[in-house]
Every structure is written in C-alpha cells, then in structure tokens.
Amino acid sequence: MLSLILFTPLAGALLLLFVGRDRPNAIRWVATLVAGLDFLLAVPLWFQYEPGGAAWQLVERGPWIPAIGAEYHLGVDGFSALLILLTTLMGAIAVLSSWAAITERVREYYVFMLVLQTGMLGAFMALDFLLFFLFWEVMLVPMYFLIGIWGGGRRLYSAIKFFIYTLAGSVVMLLGILALYFHHQSVTGVSTFDVTVYHAMAVPADLQRWVFLAFFLGFAVKVPLFPFHTWLPDAHTDAPTAGSVILAAVLLKMGTYGFIRFSLPILPDASRAFVPLMVALSIVGIVYGALVALAQTDWKRLVAYSSVSHMGMVMLGMFALTPVGLTGSIIQQINHGISTGALFLIVGIVYERRHTRDIAEYGGLSKVMPVFAAIFLIMTMSSIGLPALNGFIGELLILQGVFVVNPWWAAAGAAGIVLGAAYMLWLYQRTMFGKIENPANSGLRDLSAREVLTFAPLVALAFWIGLYPAPFIDRLESSVERVMARVQPDYSPVARTPVPPPVQPGGGR
Amino acid sequence: MPPGFSSADFYYLLPELVVTAGALLVMAADLLMPGRSAPAPGRDEPGPADRVLLAVTLAVLAGAGLSLLTAAGGHTTIARGLFAIDGFALFFKVLFLGSAAVTVLMSPRYLRVEGVRPGEYYFLVLTATLGMMVMAGAIDLITIFIGLETMAISFYVLAGFIRPSRRSNEAAVKYFVLGAFSLGLLLYGMSLLYGLAGTTHLRTIATTLAAEDAGPMLLLAVILLVAGLGFKIAAVPFHMWAPDVYEGAPTPITGFLSVGSKAASFAMLLRIFVEGLPAFQAEGLGEFFGEPIGWRAFFYILSILSMTAGNIAALTQNNIKRMLAYSSIAHAGYVLIGVVAGPPLGVDAALVYLMAYAFMQLGAFAIVTMLRARDVIGDDIRDLTGLAASRPGAAVAMLVFMLSLGGLPPTAGFMAKLWIFGAAIEAGYVGLAVIGVLNSAISLYYYVRVVVVMWVRTGERTPALTVSPALAAAVVVALAGTLLFGLYPGPLFDLAAASSAALGRAGL
C-alpha cells in the first residue's frame, strides 16, 4: 500500500519519458493524472489509520542491505499519515497549477516534479534511518533543477544556495546517524538502522548532545530556523510557483518532521537540554521573519519571510515539550502547508498575468478579480489565525502548550502573530483594495475553472480544520503521546500545570 | 620449470599469463594486420583493423576474467611465497580487468579522432593491467616493485601516445620525471625496510619487525614509503603531476590512470602497511608532542590535505579533465580515511570506495571522451553546454556520475562515502569524518557546475557528441554499476568484507 503510493509518482515520471517531447498537453495530462491518482491512493490512509491502534501501521518490511542491517522498512503513524496526505494533495495541486505557467521543457519539468514527490513521500514513510536519508537527499536534485531551470530572477544563485545549504546540513546529519548506528552496534551487537529500535534505545547524554547538534544542522536548515534561513527567501522567490508551493508546503516540513520523529524521541535528554537554545532561535525567527516581511516590496518575498516566522512558531510549540504544544505544532505544520502553499499559488496567479511581483504595481484587484480576492482573503485570514479557520486552531494550541511552560515565551509568540496580522492585512489592502490606478491591472482575468479547482481543496481544508479539528487531533494523539513519553516521561498536564500565573501583558490573544 | 615452482603456481597465475599472452597477441596482430596507415582524414569511424584489435583486447580481458575463477575462494601463496592468491587480490584484479575493459571500449573512436594509429596502445593497456594485477597479488617488496614498474612504464608511454600533441608530450615527460622520482623514493624506503628486517617478504617483515626495532631508520623508511605511495595515489602534497598529466594524456588513458593506477597503488599501500607493518599502525615510530605515532598519523595528514586542497582547487577549474584530476586527488583523500580507520572496517570501506569510484570516474571520462570531435578538443566544461537538450541520455548519465562523485544517493558514490565515514566514526576518527563530509559538500559545488552547464544553460553552442556503440557500451556499464551499487549495495559490501578479511591473514 505505502509502496504503491511511494512509487506511483516515480512510475509516472518514467512513463513521461515515453510521451513525445512535442506533445506538451499529453505530458500535462499524464502528469496531472498521475499526481491525482497518487492523492486518491493516499486518501485511504485517512481511514485505514487507526488512531488507537499499533504504533506503526501499514508496515512494509524487507531486506535491503543485509551487510549493514539496513532494511526497506516503511510505516506510518498519525503524524506521517497526515503529512503524506498533505504531500500528495499539494503535489497534485502543484502539478495542476503548472499547467499554464510552464511552457518550456515541459517533460523534464514534470519528471522532476514527480521524482521530487517520490523523494518526499519516501522520507515521510521510511522507518529505516538510511532509507530516510536516501529519500531525503533524493529530494535535493529535482528541487535544484526546478529552481535553476524554471525559476526567475537570480535562479542559478538561489538554486545552488538552496542545494549547498541543505546538503551541508544533511551530511553532518548523516554523521549523527552513523554515530547512533555504531553506538547501537557496540552496545547490542546488532547492526540496524531501524528507527523504531532507536526510539527505545538509551543513548549516553554526552553522545546525545553531539548527535542532537548534528541532527540540528540537518533539520534546522530545512525548517528553516533562524539563523539558517537565508537560503529560503532566495529559493522561494526565484522558484517557479509550483516549486515554491512544494517547498513551503512540504519540504520545510521535512525539518520539523525530522525533529519530532528523530531528535525528540531518540535524544530526549539532549532535546530537553537544548530547549533554551531552540526556543530562543524560534522566537527570534518569529519576530525577525515578521519584521522583515513587513519591509518587503516583493509580494513573493513577503510570503517567503512569513514562512520563516510561521515555522518559528511551529518550532516554539514543539520545544515547549508539552503534549498540547506538540499537537499544535503538528497541526500548524499542516496549516502552514495549506495557507502558505495557497499564498504562493496566489502570487503565482498574478505573476502569470502581470509578470511582476512588485506590490506597488498592484492595487484594487478586488474590482476585477472578485473570486480571486475572496480566496486571497480566506487564505490571509487563515495565515493570520482568524477563528473559524485552520490557523487559529494551530496557534491556539501552540500558545496554550507554551504558556504552561513559560508565559513569556507565549507572549513573544503572540507578538509574532500580531505582526503577522499586520503584514498580511497590509499586503491585502495594498493589492486588493482601493482604486485601480495602474491601467495594466484593469483588464486582468479572474480565476479560470482550473485555477479555482487548485484552490478549492485548500479552502475546504482551511475551514474543516478551523471548524472541526477533532479528527486531526485524534489521529495525532498516540504519536504525540509516544514522543512525550520519551522526551518528558514525567509530564502530566495536571500535576505540572502551576497555579495559573497572573495574566501577562500580551500573553493571550 | 624454475626451481621452487610447481605446476600449481602456473595454474594460479593463469589470469596474469592470459593477459601477458594476450598482450603479445595484440601486438602481433597489430603488426600483421593490413591497414596500418594513418587514418584517412575526415573519417572518424574506426576501421576494420581497429575493430579487430578492440575485439581481441576485450576477449583477452574477458578470458583473464574467466581464469580468475581459478583463484575464487582460494587462500594460499604461490611462487615461493612471492604471490598471494586471496580475496584481496581477487577483488582488485576484478576491478583492474573491468576498468581496462571500459577504457578499451572508450578508445577506438577517440584514437581515430586524434589521428593516431592504435599500434601498441592496446598492448600497453594490457601490460599496465598486468602490472596492476601483480601489484595487488604480490606480498614481496621486489615483486610489488616489478608490478609497479610494469604499470608505470606502460603509463608513461600511454600518456604521451598522441605524438602530435604538445600537451600529451608534456604530460608524458612530467609523468615520467616525477614518476621516476617517486619510484626512487619508494625503492629507497623498501631497501631500508629490507635492511631492518632482513627480508623482502611482507609477512615475514610483519613478524620480524617488532616494536623494539623501531628507530629513526624505520621512521625514515616509512616516510619514504609514504612519500612514494603518495605520488602514486596523487595525494597532497605529492599531487603536482596529476592535473597536468590528466589534462594532457588521451582521455581514456586519463580515466584508466585515475582509476586503475590509483586502485593498484592503494592495493600496494594496503599490502605494505596493513600486511607488512601492522605493528606500527598506531605507535612505534617515535613520539610527537608526547603522543605515540604510527604510520596512520601520516595518512591522517595526507587525507585531510588531499580532500581539502583537492576540492578547493577543483572549484576553480574550467577544464573538465583538470577538474576531474583535482577531484580524483580529493577522492584519494577519502580512501585514505579508510586506511587511517584501519582494518577491518576501514579496509572494507576503502575497497568499496575504490570499486564505486572506478565506475563513476570511468563513466565521467567516457562522457568527456564523447566530447572530443575533430574540431573540438572537448575538455572545457562549456563544451557540455546544452547537452541535456541535444543528448538527453548522455546528460542523464553524466548527471548520475557527477552526483555519485559528489556522494549523493541513490548512487554508488553515496554508499561508498557512507561506509568510509562510518568506518571513521567506528574507529573514533569523528574529526576526520566531519572534515570528510564538509568536503563532500564543497565538492558538490563543482560537480553541480557541470550539471548546470548541461541542463540549465542553453543556446550558444550544442555539443557535437561522437558516440560509437563501444563508447555507449562503456557508459552503460559504468552507469549500471553506479546505480546498481547505489540502490542495492549489499553484494559489494559483502564482497569487500570478504576480500579485506583476507588481508594480513597468513595463509601459507
């Protein structure tokens, strides 16, 4: 089942090689159908995953490199099941959204998109550390090409920056993996890269610290956590729309997924020890990302910096190391995928029509593009966390989880949310409201049916999570519990919640 | 029959004998065949005589490969203990014969375009292979040296094989002068070792030389050996010859030189140090700031220097052969990590690395060979511009080779690096592993540059690739090996483990 979902995009990529280069529409249809099929294949995960059932479900296991104990080992828990659903959905949306935007080297483009999708899915499914790393690195090359060939601006610079940053982080992570591997081998005599075994392994505190730092480099670059974020604005801005969507919606989640799947449960002592550092970097990221976003004149760059801020929020919720905070962090990862993915699509729509991303070029678009304006409004509200939309649930849970640990951290997070509302609403006002002063904007087409179709699932999800998040939270419960049992075994919300402290200024929303 | 030799010795020497006989056959065939005149201008297709020579050479290599079966699973010494028949030698012989075959496949078209008659070319490739095989099997200093000389002299001639070319001549002279110098150092080191141990037999040296024999003489011997071997594997600071020689030599020979000669030199290095001087790996060569030092301290330094200097120098190269030369210097550094980590895991890893490296490096050179056309020298990175559009197959292959050289999965290069860094961590050399991985991140910058040129830049000129079926076969073999060992490296790991286990195990 998982293998089928995993390799369908790759098979589609191979299939594309047999479609003539001179038939772009046939290529587009094949790619769209493959990506759509992959999403349909993944949908059953939602129903098949039993929230209270076994820790790892739909497990597939077979020998891979017996000489070193690496296995072909796939499986999901609630967390990865949701991310797989998100990946296949965003993959399909990204492919659909490229229909009109990509006119050159169409076949190569879709081949890279589909290979990338297999890489992302593999990283979320792998329960073997080496297999995970393999898929993790496989993602780099297609993304590099997507930015380098079909991007804009300084695309080559941005592509290589993305590549080298991520690579430098991940090779150090590989050393961390090897250190764990040899530690396990020397203690038990068994050679294995099995993550589920590592989850139960006792690692000496000293080794934990080093491995944590190694993993930190790999994952923090991907998140990206301040100060490793500098590749992101470049890569996001210069990537083609679909590339930015995938980058924001899925690739950034690789980092947070890595922290939750590997760092926290395998290295619990080090995770606790590094809380101050992680929280500090998260808060700096939240505030810094938001402030820089305020200063942007480039629409896409603004969204890119908002990503830095939002991902800081995700990290803050995670390193509160409370069940509520962790649940919020995961929900917010999904939310960020939906809302930021949609925001990049929105930039893509206007960029396709006007070929500029300069905010000053726009204004009054709601007059000529009412449907577009409505969708943009919903996504803006989702991004800033308005109640009834998904962002609210995630941010609420994060702040709640953080607040019980340290109200000041929550206050800092809330400040980021306020700033977020400022830059998003200001962006909306500058682009959508007012009179049309630029004649170039007066004749803009509203969304086509295909474009509406790309947004529809995202809007629906934004409302679903905002109004009825229980099914999502249920599916995460056992994953969160297992991580917490490792990293905060003595945590009990009742015992640990102190007498409610006096309300801090700015501590709520 | 020479005294002390038995028919069993000849049975086990069958692969070497096949290559020797084959080499003579190729030379005879070349002399006897018609059509020895220089190629007609404007015709790049290899003529019938070229095809016959190619076929005979491939048949010889295949025959030698088959006769390796005589040694399969064997563990013995022959020829009065001069020669070991063990898994270690077998592993390297497979590697040499395979790389020689790929090199030969790359050659006929290239030689035509260069306008030189194959003549002794195939003969020399075979004798170089013979020398390498002797180097891997020999467990006696003199035998090793004979193998080394056989290989080195063949390569001196091969490097200058394109007589009309200034660069080729320069390469040959440089290689000869520096090669002779390094051989002198090596020989001096060997003679000191002989003086100390009273024997040239490595396994006897290993048992005679104990820690108490250590003295300045042994230290000097080790330094000379390290320097001599450093030249042969092109490790910094003994690497100066490599870029010029790699650039000037005929492209297939550059590939063979960087793969075969390097692997053979590593086989010799492992034989001499791991098999001959195991007691002095970590200590016994005096003290340095209070720390006991052994021979691995030297390789530790060589490894760091080679990786770092090789990669940094490669960053600025515009000539792809020079770039690959510097990259091969860096790769020697990675393999040295395995030597430093030491047996068993480190040697395993070094073998895995050399095998993976053989595939990816030869593949890269095969693509570079394709670029050579009558009016295009084809060794500037810009000559690859737009390859993805004009020759997608070749571009994909080159992409895989570049990613593999850079150590990205799912390629053999990744699995090899994984094992090398794993061995370093297991042996406690975390610092070395960190330097190694950071270097591989640096290296990707210049490998990706090649990819950018092929895939991203389009326009001004499209490469006119000259693809012959033989050349395509060479690329396919290299590509298959690179991907297969990247996705499913189990057999390679098992083979390397079995082979390295044989090293240093007295099996008389």
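Visitor: What share of the contacts in chain B with a separation of 6 or more comes from residues 24 or more positions apart?
Guide: They account for 79%, where a contact means C-beta atoms, placed from the backbone, within 7 Å. This is a predicted model, where local features need pLDDT of at least 70 and side-chain atom pairs count only at pLDDT 80 or more, while totals for chains, interfaces and linings use all residues. Residues are numbered from 1 along each chain as its sequence is written, and chains are lettered from A and ligands numbered from 1 in the order in which they are written.

Visitor: How do you know how H5(B) runs relative to H6(B), parallel or antiparallel?
Guide: Helix H5 (residues 121-137) and helix H6 (residues 141-159) of chain B pack at about 155°, with axes 7 Å apart. Angles over 145 degrees count as roughly antiparallel, those under 35 as roughly parallel, so H5(B) is roughly antiparallel to H6(B). The residues of that contact divide into 13 nonpolar, six polar and no charged; Ala, Val, Leu, Ile, Met, Phe, Trp, Tyr, Cys and Pro count as nonpolar, Asp, Glu, Lys and Arg as charged, the others, Gly among them, as polar.

Visitor: And why are H5(B) and H11(B) called roughly parallel?
Guide: H5(B) and helix H11 (residues 251-276) of chain B cross at roughly 20°, their axes coming within 8 Å. By the cut-off just given, they are therefore roughly parallel. From H5(B) the contact uses B:Val125, B:Ala128, B:Met132, B:Met135 and B:Ala136, and from H11(B) residues including B:Gly260 and B:Ala264. That contact has nine nonpolar, one polar and no charged residues.

Visitor: What makes up the side of chain B that touches chain A?
Guide: Chain B puts in 25 residues and chain A puts in 25 residues. On the chain B side, H17 (412-426), H18 (430-455) and H20 (490-502) each supply at least two, and the largest share, 11 residues, comes from H18(B). By the classes above, that side has 20 nonpolar, three polar and two charged residues.

Technical notes: Axes are lines fitted to C-alpha atoms, for helices over the stretch in contact, and angles run from 0 to 180 degrees between N-to-C directions. Helices (H or I, at least four residues) and strands (E, at least two) are DSSP runs, numbered from the N terminus. Angles under 35 degrees count as roughly parallel, over 145 as roughly antiparallel, 65 to 115 as roughly perpendicular and the rest as oblique. Two residues are in contact if their C-beta atoms, placed from the backbone, lie within 7 Å.
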